[in-house]
Amino acid sequence: MTGDELSGDPFIRVDDVAMDYRVANAPVHALRRVAFTVTAGELICIMGPSGSGKTTLIHILGGLLTPTQGRVVVGGRDISHLTDNEASAYRNSTVGFVFQLFQLMPYYDAIENVALPLIFSGVPAPVRRERAREALTAVGLGHRHSHKSGELSGGEMQRVAIARALVNRPCLILADEPTGNLDRDATRTIMVLLKQINTGSRVTILVVTHNEALSEYAHRTIRIESGELV
Amino acid sequence: MIRRSDLLWIASKKLLVRKRWVLFTVFSLSLGLVIFTASVGLIEGIRAAALTALDQASRSFYADLTVEPKQERPRSSRPSGSVVALIHNASQTGQRLSADDEKKLERVDGVDAVWSETQVEPVKLGLPLETYHSMDRLTAAPESLIRRIAAPNVPWPARGVVPLVMSRAHLRSQFDETAKRFKVRPDFSDARYLGRTIDLWIGFNQSQNRDFRYDYSEGQPGFRRTTEKERDDEQVSSYRNWRSRFDLNIFRRALRLKAQIVGLSDLKVLVPLPFARDARRWIALRNRLAQKARGQPSGGESSGDAVSKLLVAVREPAAIPAVVGRIEKLGYRVHSRQSLIQEEIDKAATAFKTVKAIFYGIGLTIFALSCLLVWTTTSKVVADSRREIGVFRAVGATRRDILSIFILQATLLGTAGALLGVLLGVGLAAGISTAVLRWASQQRLDPDDAIPATLWSVDLTTTLLIVAGAILASVLAGLIPARRAARMDPVTALTQRE
C-alpha cells in the first residue's frame, strides 16, 4: 500500500490501547486506555514529557511492540496481533521510521543506507539503487549519495534517514524525536521537508516530540502524559 | 524476502568492518587445518615413499628365503612395531641354527642351496669407481644363485678367475662438479661392464674411495673433490691407524686375484660361497700372522658355526610357497622376500598410525579452540550489532533474515579459515617435502638411492571432508550467537547506545 493509494477515513484507529511492562518485578503502565484516530494524510505531533509513553505508542503503531490490551488498526488492518513475519512485512511495506539518533550504518554510504528497506523486500540491486537515488534527490541529497554518515552533518544524516523511510513508498511515517539532536536551522529544514512529503505524497506522518515549536507544522497535536491522552 | 546475494553482501560487509577479529579468527581456524592437511598430506606421501623404498630395498635380497629357529613370542612382549619391542624380543632370542639344521634344510624338496650369511672384507675392486661408498665387502652366495643372476650372454670365467656379480649402483655414479652431487652416469650401460675382467685384492684395507669428501662445516654442505694435500694427509693418517693394529708390511700382503663380472645386481657384490670361505680363511690367517709379527697375542678362533639364520635358494621361484610350507613343517620360521617386506610394511603402518593419531589430536585440539573462537567472534559481532539488528528489524527484516545473516557470517569465517588452512597446509607439506628431498638428494651417496619425486600427496576426499567439517563446525559454533541475534527485541536493540 502506498501513500497514493490511501483512501478512507480514519486511516489509523487506536482503540483502548494499554501497554504494561514489568521492570524488576514491578508493573509499569506505559500506556493506559489510549484511544484516538488519524485521518489519512494528516501530519500529527505527539507531545509529552519524557517517559509519558509517546515512543511506546510509536513503536506499537510501527508494529515493533504488541499492545497488552486494545486494538490498533492501520489502513484497515488490525496490527495488534501480527505474527513476527507479518509484523516485519508490515514495517517493510507500510511504515517508514525516522529516529532521533538517525540510526544510519556508519560503514554504509548514503545510498546503501537508504536502500536498506528495499533489500528486505527483495528488490533487485539496480532497481534498489535507482529508487534510493530518487529518494535521496527528494530530500535534497542527490549529490551526497556516496558519502558515509561520518561525512555528513546532523541535518544531512536525518535527511538520509528520512530518505530511507520514504524509499519503500510507505503510507505512514513514524518519526521519533527527529529533531532532538539538531540545531534550530536543521530542525526547520527537517520539519519543512516532512511537511513537503506530507503535502506532496499525502503520507500520514506522526512526529513524536517535546518541542512545542514543531506543532506549527502539524495539522493537530496529541498530548500524552503518564500514558494517558490529555 | 531477502535475496541470497544481498544476504552475502550484508554478512560480508559487517565482517569487513571487524577486520582484526576476522583475520585473527580465520588464521586461528586455519592453523588447526594447516596441521591437519600438512600432516595428512605428508604422512600419506611418506608412507607411499616408504613403500617404494621398501620395494627397492627388496631387490637387494639375494636369497629366496631366510630361515630362523622357531620361537614363541614372549608373553610380556610389547606391541609389535615398536623399537622397544624389537630390542626386547631380540634379547630373548637364544636359539641358533647349526650345521645339522643346514643339512636338514638341504634335504627339503625344492631347495637348491642353503648357506649362512658370509662376507669377505676388506677387499678392493679394480674399477674406476667414483662413489664415495667404501667398496670393501663381498657377499657370498651359492654358485647356482650366481649362475641364475649372471647375464646369459656372458661366458662363465675360466678356472682361476672369480665369477663376480657386481653392484650396479656403484658403477652408475658420476660426480657432477656443478651440482656437487652424484648423478647417474649418462653413458652407463650394463653391457659396458658385463664380461669385463677386473683386479680383485683380498685383504686390501684401503679400498675406500678417497677422492670425494662430504663437508658439513662449509656454508653449503655437500660433496666436493678432495685436494691433493687432504688425500696425502688421509693416507698418512690411515697408515698410522692401520700400523697401530697390523704389521707394517701387511699392505703388501693383499691377495691379488682376477675376477670377471658375470652379472649385475642391486647393491651387493656377490661371489661364490666356496671362494668366499677360502678368502675369509686367508684374511684370518694373514691377520694372525700380522699380530704375531707385532708381538701381540693372536685373537681366538671364531666361536663355531652356529648362526642365527640361514639363507635358502629355491630351484624354481614358482615353488617358493610350497618350499616355505615344507620348511615350516620342520619347525622353522621362514621369511620370503614378500613376507619380509610385508613385515616391514606392517611395522611402518603401525608407526604411521601412531604419528597420524598424534597429529590428528593436535589438529583437532587447535580446531576445537578455533571453533570456540568462531563462537566468540560471532558473539562479539552480534553484541556490536545490536543497533544494526534493531534498524534491520525496523525496516522489515524478519528473525529468519537476522539468523541467516549471522549464520552466514560464521560460515564465511569457517570457509575462509578452511580454504586458507588447506592451501597453507598443502603449501607447507609441499615446502617440507621439497626441503627434505633437496637435503636427501645432497646427502645421498648413490644416485640410485630411492628418493621419491615427492613426499606429500593430496587426497581429494579427505581434503573435502576436512573443509566441509570445518565449515559445519563453524556454522554450529555461530548458531547460538545467531539465534541470540534473531531473538533480540527490536525496541531494546534500537535503544542500545554504543
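**Note on a sheet in chain A and a surface patch in chain B**

1. B:Ile480 lies in helix H14 of chain B. The model is a predicted one. With a relative accessibility of 52%, B:Ile480 counts as exposed, because the cut-off for that class is over 50%.

2. B:Ile480 belongs to a nonpolar patch on the surface, together with B:Leu369, B:Leu372, B:Trp375, B:Leu472, B:Leu476 and B:Leu479. The accessible area of these residues together is about 680 Å². Two elements of chain B, helix H11 (337-384) and helix H14 (460-486), each give two or more residues to the patch. The helix that gives the most is H14(B), with four residues.

3. Chain A holds an open sheet of four strands, and their order is S2-S1-S4-S5. The pairing in this sheet is antiparallel. At the edges are strand S2 (26-38) and strand S5 (77-78) of chain A, each of which pairs on one side only. In general, the strands of a sheet pair through backbone hydrogen bonds.

4. Within the sheet, strand S1 (residues 12-23) and strand S4 (residues 69-74) of chain A run antiparallel and are joined by five bridges. In this part of chain A, A:Ile12 has A:Val74 of S4(A) opposite.

5. Which strands does helix H1 of chain A touch? Helix H1 (residues 54-61) packs on the sheet and touches S1, S2 and S4 of chain A. The direction of helix H1 makes about 65 degrees with that of S2(A).

Key: Residues are numbered from 1 along each chain as its sequence is written. Chains are lettered from A and ligands numbered from 1 in the order in which they are written. This is a predicted model: local features need pLDDT of at least 70, side-chain atom pairs count only at pLDDT 80 or more; totals for chains, interfaces and linings use all residues. Side-chain values use heavy atoms; hydrogens and water are left out. Two strands pair if DSSP finds at least two bridges between them. Contact means heavy atoms within 4.5 Å. Axes are lines fitted to C-alpha atoms, for helices over the stretch in contact, and angles run from 0 to 180 degrees between N-to-C directions. Patches are made of residues with over 30% relative accessible area and no salt bridge: like charges are joined within 9 Å, nonpolar side chains (Val, Leu, Ile, Met, Phe, Trp, Tyr) within 5 Å. Accessible areas come from the Shrake-Rupley method with a 1.4 Å probe; for residues, only the protein chains shown count as cover. A salt bridge is a side-chain nitrogen of Lys or Arg within 4 Å of a carboxyl oxygen of Asp or Glu. Buried means under 20% relative accessible area, exposed over 50%, partly exposed in between (1.4 Å probe, protein chains only).
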